[in-house]
Amino acid sequence: QAAKARAGCLRAALPAPPGRGPPRAPRPRGDRPSAPRGRGVRARRTRRAKCLRDRPRVRGPLRRAPPPESPAPPSRRRPRRTGGRGLTSAGAEELPPPLGHRMPNFLAVGGVSIALRPHDLIRRLHAPSSHDGHHHHHHAAGIWCLPHRRSTKQPVGKQAVKKLADYVDEMILHQEKSHMSLALGVCEHDCGYVGTAAAGVKEVEQRSACEISQDVHKQLAIVLGMIRDLSGAGAQPRARMPSEEVIELLEQLIDADIPVQLLSLLSVLEFEARTDVMNMCCALLMPGVPWQIEKQVVEYLRGHPQVAKVLVDGYASEDTALHYGVVLRSCARHAELASAFLTSGLVFELVRSARHPSIDISSDAFYTLRMMLLEHKDLSAPWLERNYSDFFSSYNTLLQSGDYISQRQAQKLLTDMLLDKVFGKVMLEYVSSEQNLQIHMILLKDRSKVMQVGAFQVFKIFVANPAKPAAVQKILYRNREKLVAVLGSLSTAKPEDEKLCQELRVVADRLNALPPPGASPTNSKLAL
């Protein structure tokens with residue numbers, strides 16, 4: 001009221017604006033007319049009712065007040081500081097409240113990281129209270145920070161490699177025990193009695209070997225998934241740098257010698273585990289793997305020359321022959337490994353495996369032999385020139401085996417080699433032998449037309465050779481009439497093949513024009 005009175009005096013002292021009269025003097029408080037009381041009370045009630053009506057209502061039961069015995073939550077407002085850090089106005093150091101009021105006690109003790117506010121992460125927290133019975137004797141009163149728990153869990157790949165190494169050692173131990181029990185059984189049989197304990201031990205070992213095989217299958221699935229991420233088609237996967245985890249995984253695999261040991265123990269594993277071992281080795285040798293890893297794997301396998309022996313000897317068992325064959329063909333894709341295989345002399349063992357009575361094993365061995373000889377021709381051609389007699393003395397037995405599948409596959413591989421320019425020296429030496437000519441002349445009289453056509457593809461090289469030895473020319477001259485008749489029957493058997501019919505006519509004309517032995521041969525060549 002005094003302020004209003006002063007304001008009125010000021011307005012009275014100001015000059016009056018133009019066009020208006022002098023300002024009115026403030027009316028005393030007692031002279032002001034008062035409004036009726038009912039009108040003012042009604043207006044206040046109306047405004048209050050409107051506010052209550054417009055206020056949002058809380059549906060549901062009302063919250064109950066906390067029980068009186070429960071402690072009230074501490075205030076989050078920080079105390080005012082007057083001195084140094086952490087000091088109150090009284091000068092004593094103030095410690096933050098225990099962590100149990102704001103989060104579970106085990107978080108403060110165990111040291112696991114959770115989502116907290118930034119100022120909570122950087123605060124210095126007091127040691128756990130005495131009600132943490134497990135840890136209060138380790139921490140005295142002092143200041144400590146919220147610890148960050150470092151993960152001690154190893155990567156999955158490292159754990160898998162470590163478990164695989166343990167399983168390999170265990171399988172080697174079981175294999176040694178089985179050999180000892182087998183020798184013990186033989187001794188007991190020779191002595192005239194058989195122990196029942198040996199049979200029980202054998203069953204226990206077999207059951208445990210099955211369990212180990214299942215564990216190997218699980219761990220190999222993890223390793224194989226990490227290796228397959230590196231492989232792919234084209235040049236993009238090679239340009240991609242492998243991750244450190246994968247490189248470390250492969251280094252651990254090689255340092256532990258797991259691939260070679262698993263290949264040597266392939267007969268002990270179950271079918272699923274065998275397939276995983278095969279896939280792991282093929283994935284390591286796949287062309288899409290980065291060159292750093294490929295070089296490391298190739299050097300590792302070259303440092304283990306016994307691997308090729310294990311792979312070739314695996315054709316003796318029907319259970320492992322196909323798995324070993326796939327791994328051997330994966331090795332044949334690399335020139336370094338193919339050269340080492342040819343130098344080792346295991347090609348002759350592979351030729352003997354091609355004569356296996358099982359069709360599956362024989363076909364797989366032929367497929368592997370084909371890759372070894374035709375995948376890297378610049379390596380196999382010089383090797384065949386140096387080992388011509390040993391190789392073809394063993395290879396010709398496949399052409400004379402009497403088995404249709406073996407003869408046909410051997411015939412096809414021989415044709416592909418002799419008609420290739422890289423094997424030119426080998427071809428000239430082969431067609432200069434009368435024993436080889438007799439083999440293919442016999443195949444020309446086979447009951448199968450397919451076999452006859454295949455034999456003709458090699459026979460025409462003997463006829464087209466301008467520098468025939470005397471023995472070869474003598475055989476051709478004596479049998480020219482019969483040979484021309486056989487070639488004529490082939491032309492009538494396949495009249496739709498124009499190229500074959502033309503070659504048959506040219507070879508027949510050359511046979512009819514053969515000079516007797518001792519005369520100078522013509523220098524004309526057959527267009528092959």
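Trainee: Where does Asp420 lie?

Mentor: Asp420 is in the loop between α19 (404-418) and α20 (424-430). Helices (H or I, at least four residues) and strands (E, at least two) are DSSP runs, numbered from the N terminus. This is a predicted model, in which local features need pLDDT of at least 70, side-chain atom pairs count only at pLDDT 80 or more, and totals for chains, interfaces and linings use all residues. Residues are numbered from 1 along each chain as its sequence is written, and side-chain values use heavy atoms, with hydrogens and water left out.

Trainee: Why is Asp420 called buried?

Mentor: Buried means under 20% relative accessible area, exposed over 50%, and partly exposed in between (1.4 Å probe, protein chains only). The relative accessible area of Asp420 is 18%, so Asp420 is buried.

Trainee: What does the side chain of Asp420 reach?

Mentor: The side chain of Asp420 reaches the backbone nitrogen of Val422 at 3.1 Å.

Trainee: How do you know that the span of helix α10 agrees with its number of residues?

Mentor: The expected span of a helix is 1.5 Å times one less than its number of residues. Helix α10 (residues 271-284) has 14 residues and should span 20 Å; its end C-alpha atoms are 20 Å apart, so the two agree.

Trainee: What makes α10 largely enclosed by the rest of the structure?

Mentor: Of the 14 residues of α10, 10 are buried, and therefore α10 is largely enclosed. Among them are Arg274, Asp276, Met278 and Leu284.

Trainee: How many of the residues in the protein chain are buried, as a percentage?

Mentor: Buried residues are 36% of the 528 residues in the protein chain. The secondary structure of this chain comprises 25 helices and 2 strands.

Trainee: What makes a set of residues a nonpolar core?

Mentor: A nonpolar core is a set of buried Ala, Val, Leu, Ile, Met, Phe, Trp, Tyr and Cys residues joined through side-chain atoms within 4.5 Å. The largest one has 114 residues, and Phe391 and Phe459 have the most contacts inside it. Helix α22 (residues 449-464) gives the most to this core, with 9 residues.

Trainee: Which residues does Phe459 touch?

Mentor: Contact means heavy atoms within 4.5 Å. Not counting residues up to four places away in sequence, Phe459 touches several residues, including Leu437, Met441, Leu476 and Val507.

Trainee: Where does pLDDT stay under 50?

Mentor: pLDDT is the predictor's confidence in each residue, from 0 to 100. It stays under 50 over residues 124-153 and over residues 522-528. The protein chain averages a pLDDT of 75.

Conventions
Polar contact = N/O pair within 3.5 Å; in protein donor to acceptor, adjacent residues only side chain to side chain.
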